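Work through the exercises below with the sequence and the model at hand. Each task is followed by a solution in steps.

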Amino acid sequence: MDIKKIEKKWQAVWEKEKLANFNQKNVDKKYYCLEMFSYPSAAKLHLGHWYNYGPTDSFVRYKKMKGFEVFQPMGFDAFGLPAENYAIKTGIHPKDSTEQNILNMEQTLKEMGAMFDWNAEIKTCNEDYYKWTQWLFLKLYEKGLAYRKEAPVNWCPSCKTVLANEQVTNGECERCGSVVVKKDLTQWFFKITEYAEELLQGLNGLDWPEKTKLMQKNWIGKSTGGEIELTAESGDKFKVFTTRADTLFGVSYVVLAPEHPLVKKLTSAKQKKAVEEYILQTSKTNEIDRLSSSREKTGVYIGHNAINPINGKSVPIYAADYVLYSYGTGAVMGVPSHDERDFAFANKYGLPITRVIKGTNGNDDLPFVEDGIIMNSPGFDGMTSEEARKAIINQLVKSGKAEHKTNYRLRDWLVSRQRYWGAPIPVIHCDKCGVVPVPYSDLPVKLPYDVEFTPDGESPLAKHKGFMNVKCPVCGGDAHRDPDTLDTFVCSSWYYLRYPDAHNSKEPFNPELINKILPVDKYVGGAEHACMHLLYARFITKALRDIGYLNFDEPFKSLVHQGTILGPDGMKMSKSKGNIVAPDPYVQEYGSDVLRLYLMFGFSYTEGGPWNDDGVKAITKFLDRIERLAIKLNATPNNKNNTVGKNEKDLLYAVNYAIKCVDKDMEEFAFNTAVARLMELLNALSKYDTIDGDKNVNLFKNSFKTLIQLLAPCAPHFAEEIWESLGGKGSIFNSKYPVCDESALVLDEVEVAVQINSKMRTKIMLPSQVTEEQVKEIIFADEKLSTELAGKEIKKLIIVPKRLINIIV
């Protein structure tokens, strides 16, 4: 079989017959399957693309044969930092390089033979898409879910520019190697925290991997406790949140984030130099490192104290980098006796350690971090920790120094980017009117082409006078545009809503249509997106629901994460290791079906594993065997033998067992075992082919056709060609998926193991329905067993139906 010729032939047929096109008239049978869209890089499709798109396409084809109106769109997450960096290095404009990369990827994706509905294609960098991303921003702004505030960014003092987190490596600028510092800028945020509780509770009803749901739960980070007000000796007040109010009498110091405004205000003259040096050092450390549990905790005394409201004691105030101003209140209390981090900090700086909880079961060495019995806490001694937590907060609430509170680790989503290659933020700044949203009729705010990319401390758009200078839509006076662009995660936070209505020029999507097609039934993509893209998409869905556009709560009902294909050495593929496996050579030599089928058979889909060339060759042999059997059957004339004897019953059992198992495995993304069942069925067909005597040719041919139908989603081009050669009419994907005949799985005879005194002796054939007396007759009729049992009395006969007989003598 000339596989390259076959691939082109059937891809042309599928396109002509519009096999992949979603028919909105059949929306009641819809099945929306979506793979996370990719960034259009300059490189060709790598194995990661193949592993995501190939097997998932097989799942979609399976669903089509099961009678669903499947919708599997494809598009490109086309804005982003790589294209802009590429432009800085090469001078090639991001728009030009991105469009060329998209053309390349479109071609290779089509050559894969996937059933993508290209009529629904979207490219997030096109005006007809980002116009609606800007519309989304304005809707959130109207709802009070988009706002501005000052926030720290990564700043390279050498390049004089803002860097994205991805551009910071080990605290240094990836361009020049200079140490990166933090700098406050006014930025746009989306108020995702408004939905923290619903985002948390909504996870319970989702068919998602438990690990992913747990990651989101931890990211949202709900904690219940109390917010306590402390007063500095200066009279300034600040708050700390704690879940352990039972330890409040053990507070021996408090910590403010180095960025906290009170640090500079309260620092004494004597401590000023030390504190300023510490703040500078902290600005060079990213937040992830600052929060690392393995990193040594450091701090500096600011020369000022605060009053503990529960006992009136004065405690020192420290600035320490393990507290973030952007999280919670930006202040924490230090209880060394009952917190491991605080214990280490107190020992390092010689701070008091006062036990206020004793254990109830043995070892309670400090730091003792579990619940226990309260001590050294006048008025609360003898209480349990749980009782004291409530009682202490209640007492402080009465005096106006605390309130019961629920906190979330989740922070609002910073969406401003001081970059060029993104969707412009649709806002105008007027000295008279303030922040003015761009009127909907003026969308899109177009991204200008003629922009200077060289980093010099300004956002690229800020240097483009033609873009920046505008008239205020409210007063008509001189004004300027917002120079920032939107985080590319904003583009991908709603793309699943655009696909079904991709060419709508009047609105981002038709709500009536979208509420029929959405939510996505199956979403497939990498686990690395658990706490960003997946969380943002959930937030946007809920926001648009509340604004009145959607009638569902969650965007993705079911989620599957594909695993990772490793190099042949079992290590993650990388250029430095020299273990990268490119898919193209295998596609050229063996065809796309072989590569797809190997990716399905050689790995557990959600786990992945190391690449193995031998596995590719084994798949080739498997398809060769099928082709040879097809040629033989096509040359075999039908006969009038309709006998269904033992051999035919065995074949029917194998066929229906395969149908049942493959159907279940495909539904569960257990592709490796599905292909293994197909191989077993081929073996059963080959066995029937070798039996002597007159065969039931019609049954044989129909059984082989069933194999091809089961194989079709996994090897689409190959199966179409075989199906056509067998006289199949139309595309095999318009045929109905085989249905298991359960009656064929009831065998007349079954093979069972026979033991004597629990030791294996032989295997015999038994009727499916048999009495104990009949079993004895069959045992004594067996030559081997009758010899071993001669002269012995059977004391007990243990029968495990259809599996085992144990003869106790």
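**Exercise 1.** Determine which residues His-429 is in contact with, leaving aside its neighbours within four places in sequence.

Solution. Contact means heavy atoms within 4.5 Å. On that criterion, His-429 is in contact with Arg-148, Gly-434, Val-435, Ala-479, His-480, Arg-481 and Asp-482. One of these, Asp-482, also makes a polar contact with His-429, side chain to side chain, at 3.0 Å. A polar contact is a pair of N or O atoms within 3.5 Å; within protein, one must be able to donate a hydrogen and the other to accept it, and residues adjacent in sequence count only if both atoms are side-chain atoms. His-429 itself sits in strand S21 (residues 427-430); helices (H or I, at least four residues) and strands (E, at least two) are DSSP runs, numbered from the N terminus.

The model is predicted: local features need pLDDT of at least 70 and side-chain atom pairs count only at pLDDT 80 or more, while totals for chains, interfaces and linings use all residues. Residues are numbered from 1 along each chain as its sequence is written, and side-chain values use heavy atoms, with hydrogens and water left out.

**Exercise 2.** Decide whether His-429 and Ala-120 are buried or exposed.

Solution. Buried means under 20% relative accessible area, exposed over 50%, partly exposed in between (1.4 Å probe, protein chains only). His-429 has 11% relative accessibility, so it counts as buried. Ala-120 is buried because its value is 5%. Ala-120 belongs to strand S4 (residues 117-123) and touches Phe-71, Pro-73, Met-74, Tyr-499 and Ala-502, not counting residues up to four places away in sequence.

**Exercise 3.** Find what the side chain of Glu-720 makes polar contacts with, and state whether a salt bridge is present or absent.

Solution. Start with the location: Glu-720 is in helix H24 (residues 716-725). Next, its side chain makes a polar contact with that of Trp-14 at 2.7 Å, and another with that of Ser-731 at 2.6 Å. Finally, apply the salt-bridge criterion, a side-chain nitrogen of Lys or Arg within 4 Å of a carboxyl oxygen of Asp or Glu. Glu-720 is buried and has no salt bridge; Arg-61, the nearest side chain of opposite charge, is 5.7 Å away. For charge, Lys and Arg count as positive and Asp and Glu as negative; His and the chain ends are not counted.

**Exercise 4.** Give the strand order of the open four-stranded sheet and identify its edges.

Solution. Two strands pair if DSSP finds at least two bridges between them. The order is S2-S1-S26-S27, with parallel pairing. The edges are S2 (69-71) and S27 (559-560), each pairing on one side only.
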